[in-house]
Amino acid sequence: MDTHATARPMQWNGLSSAEAQARFKRDGPNQIRPQPQRRLALQLLARFQNPLVLILLAASGVSAMTGDAMGAAVIGLIILASVLLDFFQEHRAGRAAERLAEQVAVTVTTLRDGLPCALALPQLVQGDVVLLSAGNLVPADGLALEVEDFFVNQAQLTGEPYPVEKHVDPSAGFDAWLPEAGNAVFMGSSVISGSARILVMRTGSATALGQIAASLAKPAPATAFEHGTRQFGLLIMRLTLAMVLFVLLVNIVHHRPLLESFLFAVALAVGLTPELLPMIVSVTLARGALRMADQKVIVKRLSAIQDMGSMDVLCTDKTGTLTQARIRLERHVNAQNQECARVLELAYLNSSFETGLKSPLDDAILQHGEVDVSGWKKLDEVPFDFERRRVSVLVARGSQRLLICKGAPEDILRLCARYEGEGGEILPLDAQARGRIEGLFDRLGDDGFRVLGIGWREVAADHPHAVVTDETALIFAGLAAFLDPPKPSAGPALAAMVASGLAVKIVTGDSERVTRHVCAQLGLPITGVLTGQEIARMNDDALRARVGGVNLICRANPAQKTRVLLALKARGHVVGYLGDGINDAPSLHTADVGISVDGAVDVAKQAAAMILLENDLHVLHAGILEGRRTFGNVMKYIMMATSSNFGNMFSMAAAAVVLPFLPMLPLQILLNNLLYDVSELPLPLDHVDHEDMARPRRWDMRFIRNFMLVIGPISSVFDLLTFYLLIVLFKADEALFHTGWFVESIATQVLVIFVIRTRRNPLRSHPHPWLMLVSLGVVALAMLLPFSPIAGDLGFAPLPLEFFALLTVLLVVYLLLVEAGKRWFYRRWAST
């Protein structure tokens, strides 16, 4: 690549499609850490790295060498079926999630064959010419070919939070690049204002960001749900290990065959371990993501669905979410509250020549096309930032040069020393005049107007540039007042969210008076107010104590919004944030659930975990309910697996001590586990009761542990009763005992799904048809296996019909006992 390509305008129109394709094949995708795409076969083989699976395969091989070829083959087939089941379900879930994420992927405008086209970031190659404007992410390292008041934030590289202006410098060499280089932009930066044409010089791992990727490759901190499922898995694994060692010791003491005892212990570990949990979680989340897509919510990060289900606080901006974002300029008044063409002219000049990210307020001003600015030309600009809350442009007409400043009225007024009177005369801004103007924009705010202050001053004819320090000793011209009516749907949507147990907090840069007016129109009661000035004076402890009791945070800059979110999280809340602007990116990243809209700027979409395809709070509410549904179905599996495994542990321990033989063959334990797994596959499709979706639910290990301690022993008591009946009533030998307990174990584990899946009476909460069909089909298959041609190979013996009649009665009693235990538990838990 010629490093002096900036001097060749012929290359400013970008690459040809053929050349770009060749470079892509040579350099690979524009990603810092490209995801390795392993072949499906290798991904499948990786599933066999599970130590329990390897031990079972080894034991199966030893068993085959000792003469039990049929048993070894069946064990191998069961292991293969379990691995394939897990692999294909997770693979399908992963692909579904990827396809959804591709719908809202960030694109970049690139010149190919001389024409602009939208390109996915990974497709960018060295030599591409990229067009950037305010709100864009810088997609690669590049040199500036053309710039216009181009400011970027490159804090990710330098840690410096303030915008840096970039210039064109064709003489600068590529090798001398540093983050502070004035003509270079770097991947990971974001465009704050202005526009530019950039020549891509480095992509992917070759970028400055890629070279420090190792320090950025730290995994994201685990969410509460991920931490909870890990705790749950460790608890079950510890109990399983203790039980396996106990059973193995008992078998050795009873001088049972060592290989058979070893196989039994390993199979028991497989049977008691919730190895289906990752797959159930993945499939349930993917299914939830697809359902949320139907509700116009695209999930970029699957784990955010659990957080959405647990979210109890939603922080949202006002403009565009609560209001229509169809802002109209209604009034342009001077300090005497009189309509004034001079105020409109100054505001129009500022908005017309501003090159930063234009707000809807600028669009509303520019819709007044009657203002003639043809005689004016722009010389320079001080772009808007969220600390100053204003933008200034330096314009000239003939020998006259004006600095025109537009921004938050209190900030503009603070910078003014004089004001324009009724006839255009310039008067000193004394305390009385200042108080009168402050009262004017307070009254406008009370009437629901968003207000901008307009100030100006004349500068010397040789004044070349505009800088922040020029924004002093201004002349106050007047106020521009805008109306942004609330969305008709916002009020009912907010009411539905509050009724669903969600606390809604408005976090905005707008004034308190305007926001109060909007909240009153929407029927949202105000419980307390915090302003940016108050937040600035508070330390983190004080903010944490105060933020819980307020639902209106006004005049907050991006750093203060982030502090509010962190304070809420420190109070134990799961916090969502809805925003779509450059200033929202830090908050979207900080929140547990960052939510943006499809029309948001790139930096906001990149930081968000979910994207709304429609900017409507009803869509968001539907997504929240879907998140709760997904969370509920994951919890169903955890509660069933916990209680079932805990009960089986005690049953197995008692059987190992009392019986003169193994309570179940290793092969039968594996088959039992496989059938139970199959019965759980439709669980992600299941319905969730309204009561479980009416409030946010959070991971609670104590709740799960107590449920296990209540329901698990009921299963153990029923198992012991079955043991007694098989030995005493049916005089069961080893094969008959194995068969009877296998059938009873499958029936109890599977049928209890219909009791545990709901807090209601099971007869009044109907499961998904597929869950019912598959579960009943698995129970029927287990009952037919002892009579099948392969029964002998599986170690089964035919069961007498009396056993099935008695089992039916006992199953009814068992399910009634579980229902009674469940009801007692929920009453007890609700009271605590």
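Predicted model: local features only at pLDDT ≥ 70, side-chain atom pairs only at ≥ 80, totals over all residues.
## The nonpolar cores

The largest nonpolar core holds 136 residues. Within this core, Met308, Met610, Leu617, Leu620 and Phe742 touch the most other members. Helix 23, which covers residues 617-658, gives the most to the core, contributing 17 residues.

The surroundings of Met610 can be listed in detail. Leaving aside residues up to four places away in sequence, Met610 touches Met292, Val297, Ile298, Val299, Ala304, Ile305 and Met308, together with Val593, Gly594, Ile595 and Ser596.

## The pairing of helix 27 and helix 29

Helix 27 comprises residues 734-751 and helix 29 comprises residues 769-784; their axes come within 9 Å and cross at roughly 175°. Angles over 145 degrees count as roughly antiparallel, and the two helices are therefore roughly antiparallel to each other.

On the side of helix 27, the contact is formed by Phe742, Val743, Ile746, Ala747, Val750 and Leu751. These residues meet Ser775, Leu776, Val778, Val779, Ala782 and Met783 of helix 29. Of the residues in this contact, 11 are nonpolar, 1 is polar and none is charged.

## Helix 24

Helix 24 consists of 15 residues, numbered 666-680. At 1.5 Å a residue, helix 24 should span 21 Å, and the distance of 22 Å between its end C-alpha atoms agrees with that expectation. Because 14 of its 15 residues are buried, helix 24 is largely enclosed by the rest of the structure.

Met243 lies in helix 8, which covers residues 224-253. Its relative accessibility is 11%, and a residue under 20% counts as buried; Met243 is therefore buried. Met243 and Met652 are 409 residues apart in sequence, yet their C-alpha atoms are 8.3 Å apart in space.

Ser500 is located in the loop between helix 16 (490-499) and strand 18 (503-507). With a relative accessibility of 9%, Ser500 also counts as buried. Apart from residues up to four places away in sequence, Ser500 touches His621, Leu625, Arg628, Ala694, Arg695 and Pro696.

Note on methods:
Residues numbered from 1 in each chain as written. Heavy atoms only, no water. Axes fitted to C-alpha atoms, helices over the stretch in contact; angles between N-to-C directions. Helix = DSSP H or I, 4+ residues; strand = E, 2+ residues; numbered from the N terminus. Parallel < 35°, antiparallel > 145°, perpendicular 65-115°, else oblique. Contact = heavy atoms within 4.5 Å. Nonpolar A, V, L, I, M, F, W, Y, C, P; charged D, E, K, R; others polar. Buried < 20%, exposed > 50% of the residue type's maximum accessible area, 1.4 Å probe, protein only. Expected span 1.5 Å × (residues − 1). Core = buried A, V, L, I, M, F, W, Y, C linked by side-chain atoms within 4.5 Å.
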